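My entries follow in the order I made them.

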Amino acid sequence: MAFACGAQAADYAGPLFDAHLHYNEDAQSPHPLADVLDRMKRNGVQAIVANSRPNDGTQALASPKAREAGVTVVPFVRLYRNRADYDSWFRDESIYDMVQTELARGTAAGPFRGLGEFHLYDSANANGPVAKKLMALAEEKSLAVLAHADDAAIDLLMASTPSKGRNVRLIWAHTGIGGAPAARVDQLLARYPLLMGELSYRPGLTCESGKLCPEWRELVLKYPGRFMIGSDTWVNQRWQYYDELMKGYRAWLGDLPADVARRIAWDNGARLFGLK
Ligand SMILES: [Zn+2]
């Protein structure tokens, strides 16, 4: 087969770091801990950024059972106790207090390492008083941030940190779910040296046969150290299709140079959180 003309590149076969995983309340009954850990294990997912609504799901994932299954849990504090919090967290002081309580509490897998995922459906809300305080807190405490926001909100969030965004690890969930043009993503990656792009649901990412579209291939080759993959298990259907999601990533990763594939699949997340 090695000499087959025009053979498809083999899928990426190394470890995966799932940089966007939720274990929400509604997932826990159909998908108990043993089930979700098995899904990760059989897909070669060896580390996850875990967050959940409410935070109990993350506490459950951070149990010794994850380590026994070969999964390193990087816990993030979710800003939501319930669905209503999605639309008001950025100005709700009780959310700031909840974050402080969770940070003090930590998890069985160690201290919380980040904040989020949070959503900004209107970018102007990035200037909400609690959003600003949380961004400053993230930089001061070296917490990463997982933000579902448009490109305008990325600039606003970064402006709220003491370093004006030069010294905060912000993971841009979906790298702009609204489809910010690749050139605009390029501009933001150049402006903020620690900005990372997570690629679930990213419009225009893959083209025919599941490989990266040309402009995205160019972008990940230009910034091989700045992208990560994620499942975004925000609803149970995403757990049901976890195998297919990971296979989809392995297919386009396999079409990239091996070192670039390995960085996006694993190394970038491992480096971000100091994993081995
Ligand atoms: Zn999400």
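I count two strands as paired if DSSP finds at least two bridges between them. This is a predicted model.

Entry on the sheet. I looked up β2 and strand β3 (residues 72-77), and found them parallel and joined by four bridges. Across this pair, alanine 47 stands opposite threonine 72 in β3. I then traced the whole sheet: it is open, has eight strands in the order β1-β2-β3-β4-β5-β6-β7-β8, and its pairing is parallel. Its edge strands, β1 and β8 (227-228), each pair on one side only.

Entry on α10. I found twelve residues in this helix (residues 242-253), with 17 Å from first C-alpha to last, close to the 16 Å expected at 1.5 Å a residue. Nine of the twelve are buried, so α10 is largely enclosed by the rest of the structure. Among the buried ones I noted Tyr242, Met246, Tyr249 and Trp252. Their cover includes β1 (16-22), β2 (45-51) and α11 (258-272).

Entry on cis peptides. I found one between arginine 53 and proline 54, with omega about -10 degrees. Proline 54 is in the loop between β2 and α2 (56-61). Another joins glycine 116 and glutamate 117, with omega about 0 degrees; glutamate 117 lies in strand β4 (residues 114-119).

Entry on positive phi. I noted threonine 175, with phi near 50 degrees, in the loop between β6 (170-172) and α7 (182-191). Serine 209 has a phi of about 55 degrees and sits in the loop between β7 and α8 (214-222). Buried or exposed, I asked of threonine 175? Threonine 175 is buried, at 1% relative accessible area, whereas serine 209 is exposed, at 59%.

Terms used:
Residues numbered from 1 in each chain as written. Predicted model: local features only at pLDDT ≥ 70, side-chain atom pairs only at ≥ 80, totals over all residues. Heavy atoms only, no water. Helix = DSSP H or I, 4+ residues; strand = E, 2+ residues; numbered from the N terminus. Expected span 1.5 Å × (residues − 1). Buried < 20%, exposed > 50% of the residue type's maximum accessible area, 1.4 Å probe, protein only. Contact = heavy atoms within 4.5 Å.
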